Amino acid sequence: MYCLWLNAIPMVYYEESMSVLFAVFLALALDHFLGEPRRLHPLVGFGRWATGIEQFLNSSSPGDALGAKARGILGCFCAVAPLVATSMLIAQAARVHPAIEIAVGGVFLYIAVGWNSLHRHANAVVTPLQRGELGRARAAVAMLVSRDTDDLDEEGVARAASESILENGADAVFSAIFWFVLAGIPGVVLYRLANTLDAMWGYKTPRFHAFGWCAARVDDLLNYLPARLTAMSYALLGNTRLALHCWLTQGPNWKSPNAGPVMAAGAGALNVSLGGDSRYNQKIERRPRLGPESSRDSQFTANASTIEAACRLVDRSLALWCVCLLGLTAVFTALGH
C-alpha cells in the first residue's frame with residue numbers, strides 16, 4: 001500500500017500541473033480576446049463591500065492609531081476571509097472533472113489578470129503623444145497614476161506611463177499568475193482581493209495611515225516573491241547587466257519594497273531614465289532616479305517609444321513565464337509516466 005501511494009504522487013502532480021497549465025492559457029486567451037469584464041465585474045462588487053466595512057470600522061479618533069490598526073486588521077479579515085472560503089468550496093467542487101476544473105480556474109484567473117487592460121491604457125497614452133496631443137496624453141496617463149499630471153511635459157507623461165506599465169506588469173499579471181500556480185483559485189482570489197484593498201486603503205492620509213496598515217503590509221508580503229521574479233524576468237530579457245545593477249543599487253532606495261526592484265530592473269532593461277521627483281496633491285515628492293546613471297543624456301529620455309518598449313518587455317516576460325510553466329509541466333509529465 002505504501003509503495004502504491006508513492007507511485008501515485010507523480011501522477012497527482014502531473015494531473016494538477018496539466019490543469020494549471022491549461023487554466024493559465026485559457027485565462028490569457030480570454031483576457032486577450034475579451035479584455036476585462038465591462039459589466040458586473042466582481043471586483044466592483046468587492047469594492048462596495050470593502051467600502052461599507054471601512055466606513056463602519058474606521059471611525060476612530062486621529063490619536064487612536066493602535067485602535068485604528070486593530071480595526072484595520074479586522075476589516076481586512078472581514079472583507080477577504082468569506083470570499084476566500086467560498087473560493088475554496090468552489091475549487092473543491094470544480095475538481096469533479098478536469099475540464100470543469102480548467103474552465104473554472106481559467107475564469108477566476110481571467111478576472112484577476114489585467115494584461116489586456118495594461119495594453120489598452122498604454123495605447124491611450126501613446127497615440128496622443130505620437131500626435132502631439134499633450135493634453136489628451138495627460139488625461140490618459142492620469143488613469144494610470146496617482147500623481148498630478150496637469151503640468152507634465154512629454155517626457156513626464158512617458159516616464160509616468162512607463163513606470164506604471166512596468167509596476168503593474170508585476171501587480172496585475174505576474175503576481176496573479178504566481179499565486180494561481182502556487183495555490184490555485186483560493187490563492188489568486190486572496191491575492192487579488194488583498195491587492196484591491198491596498199489600492200483602496202493603503203494610503204498615508206490621516207484617514208487611512210493606521211487603518212490601512214494591514215492591507216498595505218499584506219499586499220507587500222504577497223507581492224514580495226512575484227515582484228522579484230518579475231524583476232529577474234525583465235533583467236533577463238533586456239539589458240541584463242544594467243538591469244541587475246539598477247535593481248541592486250537603486251531598487252532598495254525606493255519607498256515601496258516591491259515596486260523599487262521591479263521598476264529599477266525595468267528601467268535598466270530598457271536603458272531609459274525613470275523615477276525622479278513628482279508632484280502629488282500639489283506637493284513635490286522626492287524620488288530617486290532609476291535607470292542609467294547619466295540620466296540627463298537625451299538618448300535615455302523617456303518618450304512614446306519607451307511606453308511601447310515597456311509593453312513589449314511585459315509581453316516577453318509573460319512568454320518566458322509560459323515557457324517555464326510548460327517546462328515544469330513537461331517535468332511532471334515525465335514523472336507521471
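Visitor: How do the residues lining the second largest pocket divide into nonpolar, polar and charged?
Guide: The lining holds 14 nonpolar, six polar and three charged residues. Here Ala, Val, Leu, Ile, Met, Phe, Trp, Tyr, Cys and Pro count as nonpolar, Asp, Glu, Lys and Arg as charged, and the others, Gly among them, as polar. The model is predicted: local features need pLDDT of at least 70 and side-chain atom pairs pLDDT 80 or more, while totals for chains, interfaces and linings use all residues. Residues are numbered from 1 along each chain as its sequence is written, and side-chain values use heavy atoms, without hydrogens or water.

Visitor: What volume does that pocket have?
Guide: Its volume is about 470 Å³. A pocket is an open set of points on a 1 Å grid where a 1.4 Å probe fits, with protein on both sides within 12 Å along at least five of seven lines; lining residues have an atom within 4 Å of a point.

Visitor: And which residues are closest to its centre?
Guide: Of the 23 lining residues, Glu16, Val20, Phe180, Val181 and Gly184 are the closest to the centre.

Visitor: Which elements give two or more residues to the lining?
Guide: These are α1 (2-34), α3 (65-94), α4 (98-112), α7 (154-201) and α11 (304-336). The largest share, seven residues, is from α7. Helices are DSSP runs (H or I, at least four residues), numbered from the N terminus.

Visitor: Changing topic, where does Arg138 lie?
Guide: Arg138 belongs to helix α6, residues 134-141.

Visitor: Why does Arg138 count as partly exposed?
Guide: Because its relative accessibility is 23%; partly exposed lies between buried, under 20%, and exposed, over 50% (1.4 Å probe, protein chains only).

Terms used. Points joined across faces, edges and corners; volume = space filled by probe spheres on them.
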